[in-house]
Amino acid sequence: MTKKIKLKISARLVKKRGRRGNGNRSKMCRFCSDKEQVHSINYKNSTFLKGFLTERGKILPSRISGACARHQRVISQEIRKSRVMALLPYSGPAF
Amino acid sequence: MLRQYEALLLAVPEITGDETKNLETQLDKAVKASSGSTISFERWGKYKLAYEVNKSGYGVFFLMRFETPQSTQLINDMKTLLKVKLNNVVMRDMISVLDPKQPLTYQRPRSLEEAPTREAEGFSRDNKTTGFFAADDIDVDSDEE
């Protein structure tokens, strides 16, 4: 006779906990936590700013870039400055 | 009040040494006329631009830093100088105030002159290939025949 092993937690609960764990990830802005990084947001530093552009050359929203409102504003201002100097594209390559 | 400024200039790709010297002296003269002084003038090098400016896909960048007590007059003078007199050399310019809190060091993208260049022969030697085909591919073809 084999005894049925009772699960301590139901599968549904495990799933639910996993989901909750994901949501608890801290949403700290990377520029707020590291003041040194703020200085690298500059219109001359186009290699750094390229990381905040999509493939088509659009500015990434703060939802994706993870920056707070204050630093997102700095980023977008510097990107627009950089575009004037032809360091960054206004629009990406056509398909 | 003494203020520090920074001017990034985008010059035409076929700029000569004499023209560079002329550009530097003219800007330096304008700064000195307003009882200021130039901190640095450096050449970044040749770059591939993100989009075509004046029908050329390349450009040479210059970065100039200066300080002046009479900022309004000098900036206006410089803008007219760059846009009228040096129009055939300078394509784009951007003059901005330097934040006193910010360090003067900066990162800049790597120019075309600094980028490593590899010879075609060296590439084929490293990958043990002859011509455009890999050595293994040639063997497979001969077996089928």
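Residues are numbered from 1 along each chain as its sequence is written, while chains are lettered from A and ligands numbered from 1 in the order in which they are written. Because the model is predicted, local features need pLDDT of at least 70 and side-chain atom pairs count only at pLDDT 80 or more, whereas totals for chains, interfaces and linings use all residues.

**View 1. Chain A has 6 helices and 0 strands.** Helices (H or I, at least four residues) and strands (E, at least two) are DSSP runs, numbered from the N terminus. The pattern along the sequence is α-α-α-α-α-α. Of the 95 residues of this chain, 19% are buried, that is, they have 20 or more other C-beta atoms within 10 Å of their own, against 12 or fewer for exposed and values in between for partly exposed, with C-beta atoms placed from the backbone.

**View 2. Confidence in chain A is lowest in helix H1 (residues 11–23) and highest in H6(A).** The mean pLDDT, the predictor's confidence in each residue from 0 to 100, is 64 in H1 of chain A and 94 in H6(A). Chain A as a whole averages 82, and 76% of its residues score at least 70.

**View 3. At the interface, 16 residues of chain A are in contact with 15 residues of chain B.** Contact requires C-beta atoms, placed from the backbone, within 7 Å. On the chain A side, helix H4 (46–49) and helix H6 (69–84) are the elements that give two or more residues. The largest share, 3 residues, comes from H4(A). By class, this side has 8 nonpolar, 6 polar and 2 charged residues; Ala, Val, Leu, Ile, Met, Phe, Trp, Tyr, Cys and Pro count as nonpolar, Asp, Glu, Lys and Arg as charged, and the others, Gly among them, as polar.

**View 4. The largest nonpolar core has 35 residues.** Such a core is a set of buried Ala, Val, Leu, Ile, Met, Phe, Trp, Tyr and Cys residues joined through C-beta atoms within 7 Å. Elements that each supply at least two residues include H6 of chain A and strand S1 (3–11) of chain B. S1(B) gives the most, with 6 residues. B:Phe62, among the residues with the most contacts inside the core, touches B:Leu9, B:Ala11, B:Phe41, B:Arg43 and B:Trp44, not counting residues up to four places away in sequence.

**View 5. B:Leu74 lies in helix H2 (residues 71–85) of chain B.** B:Leu74 is buried because 21 other C-beta atoms lie within 10 Å. Leaving aside residues up to four places away in sequence, B:Leu74 touches B:Ala30, B:Val31, B:Ser34, B:Gly36 and B:Thr68.

Definitions and conventions
Two residues are in contact if their C-beta atoms, placed from the backbone, lie within 7 Å.
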